[in-house]
Amino acid sequence: MDHRTKRVAIVGAGTSGLAACKHLLPRGFRPVVFEAGASIGGQWTRTLASTRLQSPHVAYRFSDFPWPYSVDWYPRHDQVVDYLAAYARHFAVEERVRFRSKVLAAEYVGDAEATSAGWERWNGNGDAFGDGSGAWRLTVRHDDSGTTQVYEFDFLILCIGRFSGVPNIPAFPPGGGPDVFRGRVIHSMELSDMDDADAAALVKGRRVVVVGSGKSAYDIVAECAEANGVEQPCTMVCRSPRWLLHHTNVWGKVNIGYLYLNRFAELMVRRPGSGVASNLLATLLAPLGWLISKLTEAYYKKEIPMEEHGMSPDHRLARSFSSCLIGMLPERFYDMVKEGSIVIKKSRSSFTFCDDGLVLDGGAGERVPAELVILATGFRGDEKLRNMFASRLVRELVAGSPDTAVPLYRECVHPRIPQMAVIGYSESATNIHTCEMMAKWVARLLDGAFRLPPVRRMEENVAEWGRYMRRSGGAEHFRRSCLGGVSIWYNDQLCRDMGCDRWRKKGLLAEWFQPYGAVDYADIR
Ligand SMILES: Cc1cc2nc3c(=O)[nH]c(=O)nc-3n(C[C@H](O)[C@H](O)[C@H](O)COP(=O)(O)OP(=O)(O)OC[C@H]3O[C@@H](n4cnc5c(N)ncnc54)[C@H](O)[C@@H]3O)c2cc1C
């Protein structure tokens with residue numbers, strides 16, 4: 001196949017888009033990367049001033065591109081941007097990117113929409129490009145020239161990220177929404193989009209209430225508390241506290257990866273598609289998993305005063321890994337709670353607004369006065385994905401329904417959407433590693449190195465992974481599509497498709513007990 005004749009579009013020049021482009025180039029493809037922003041780096045170009053990687057740099061890296069020696073252990077956001085930009089330059093990805101070019105809509109041209117219901121094989125014949133008659137028509141707004149143009153491509157790779165774009169705003173009862181509040185309400189996304197000086201000026205001296213219990217909520221609260229001190233404490237309103245750790249070494253010695261992110265730990269999980277014997281083993285090992293979780297939880301509860309402040313999570317630490325709900329605590333967080341610059345309020349159910357602040361516990365609890373309310377309530381990645389498409393059918397298919405996990409085979413390809421892949425929707429403990437593995441897999445798929453199974457088998461597989469997501473993430477979090485508890489098992493599937501050895505360590509002990517990371521897959525190019 002002469003790949004130069006195949007037109008491939010990548011949307012997004014964050015971690016996922018860069019990896020996708022990098023792995024297509026050596027195979028002869030010349031993709032066009034459309035990036036709405038003015039630079040490389042995706043969400044790392046739009047963060048709070050204090051945002052750092054939560055993963056150490058040795059874990060958050062591309063397999064074949066090390067960080068410079070001088071970088072911090074947990075790099076600052078600007079260091080992450082520099083790293084990604086250096087990667088793009090080194091692998092000549094940068095020259096493929098068209099900046100300030102926002103894809104407004106993607107529309108499939110061809111009759112696949114009509115026939116996909118009857119497909120036996122993806123795209124009709126199992127080939128990434130189908131029979132060559134279909135194409136994706138992209139409407140792109142170029143901000144530099146002020147023009148909107150339409151392009152056609154033979155394959156579309158969406159790398160649009162999921163932690164930006166469409167905020168998740170809670171629903172409020174009539175008379176209890178932001179409209180009754182005299183102060184200002186913003187979503188954390190708006191704060192991240194501001195430059196650092198404007199963001200600092202916005203919170204300075206104000207009575208700020210931050211709603212949320214994820215990593216962003218903690219970071220915003222810590223920044224506000226640093227800015228305003230005890231004179232104007234920052235209030236954090238949260239419903240279900242999560243595991244936010246002060247460091248990743250348990251008992252000061254054992255890296256937590258040795259307990260949760262190795263092959264042995266995955267044996268304790270009922271992995272999707274793993275068979276009866278494996279499920280039996282997982283059941284037999286469950287008490288060990290429980291013990292490990294109990295011991296690590298006891299350690300963190302002793303080291304971090306979460307119980308004292310009512311911030312003990314009600315779920316197992318192991319569950320945090322398998323539902324991607326774990327994070328690193330901002331420095332001095334509980335010191336600031338103790339000194340009074342942070343006030344924590346728990347709301348058993350959702351909250352409502354009143355004229356001068358919030359009312360907790362569904363509107364029946366304590367009143368919390370505020371001038372500025374920051375909703376750190378997450379994003380609607382599924383909605384963002386849907387919004388890319390012009391066709392109602394594709395919108396309905398691509399992100400599944402509220403009852404299913406996002407239905408992507410190998411977390412990349414929708415069995416009934418032709419000539420399209422998504423990279424970076426599903427999460428893991430280190431997203432850059434997972435999106436790089438997806439990029440390697442998608443590049444080989446486009447290169448014809450392997451074929452996908454019949455649509456029916458793809459859909460069964462998707463359903464099986466969906467059931468796993470539900471088991472591991474629970475009713476509230478399964479649509480996060482978190483691979484955290486089974487990422488080695490997931491990579492095993494990709495390796496099998498790509499014809500690569502899935503056992504990648506030297507020696508049996510290392511294979512079972514060492515944490516796996518990007519470098520283990522560096523030779524898969
Ligand atoms: C505050 C924060 C901290 C995080 N910390 C970690 C961490 O420590 N470790 C970890 O593993 N993960 C972390 N993550 C997850 C992080 O999202 C991923 O690691 C990774 O950066 C995601 O990259 P991406 O390319 O998939 O998406 P993004 O970085 O969001 O990039 C998507 C790109 O697509 C562009 N785009 C979107 N729509 C369009 C369109 N229609 N047209 C053109 N361009 C478009 C956007 O402008 C953007 O540049 C963190 C996330 C957040 C929000």
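**Domains, core and ligand shell of a predicted model**

The C-alpha centres of domain 1 and domain 2 lie 28 Å apart. Domain 1 covers 3-164 + 380-448 + 479-521, and domain 2 covers 178-375. These bounds come from an automatic or database domain assignment. The model is predicted: local features need pLDDT of at least 70, side-chain atom pairs count only at pLDDT 80 or more, and totals for chains, interfaces and linings use all residues. Residue numbers start from 1 along each chain, as its sequence is written.

The two domains touch. In total, 24 residues of domain 1 are in contact with 27 residues of domain 2; contact requires C-beta atoms, placed from the backbone, within 7 Å. On the side of domain 1 that touches domain 2, α16 (487-498) and α17 (508-513) each supply at least two residues. Helix α17 gives the most to this side, with three residues. Helices (H or I, at least four residues) and strands (E, at least two) are DSSP runs, numbered from the N terminus.

The largest nonpolar core holds 141 residues. Such a core is a set of buried Ala, Val, Leu, Ile, Met, Phe, Trp, Tyr and Cys residues joined through C-beta atoms within 7 Å. A residue is buried if 20 or more other C-beta atoms, placed from the backbone, lie within 10 Å of its own, exposed if 12 or fewer, and partly exposed in between. The members that touch the most others are A20, I157, V210, V221, C412, I423 and V442. Helix α14 gives the most to this core, with 10 residues. Both domain 1 and domain 2 contribute at least three residues each. Leaving aside residues up to four places away in sequence, V221 touches V210, C234, M236 and I342.

Around the ligand there are 33 residues, of which G12, G14, G42, G161 and G424 come nearest. A residue counts as near if its C-beta atom, placed from the backbone, lies within 6 Å of the molecule. This shell draws at least two residues from each of α1 (15-24), β4 (101-109) and α14 (431-446). Its residues divide into 13 nonpolar, 18 polar and two charged.

G134 sits in the loop between α3 (112-115) and β5 (135-142). G134 counts as partly exposed because it has 19 C-beta neighbours inside 10 Å. The C-alpha atoms of G134 and N123 are separated by 9.2 Å, with the two residues 11 apart along the chain.

Conventions. Ala, Val, Leu, Ile, Met, Phe, Trp, Tyr, Cys and Pro count as nonpolar, Asp, Glu, Lys and Arg as charged, and the others, Gly among them, as polar.
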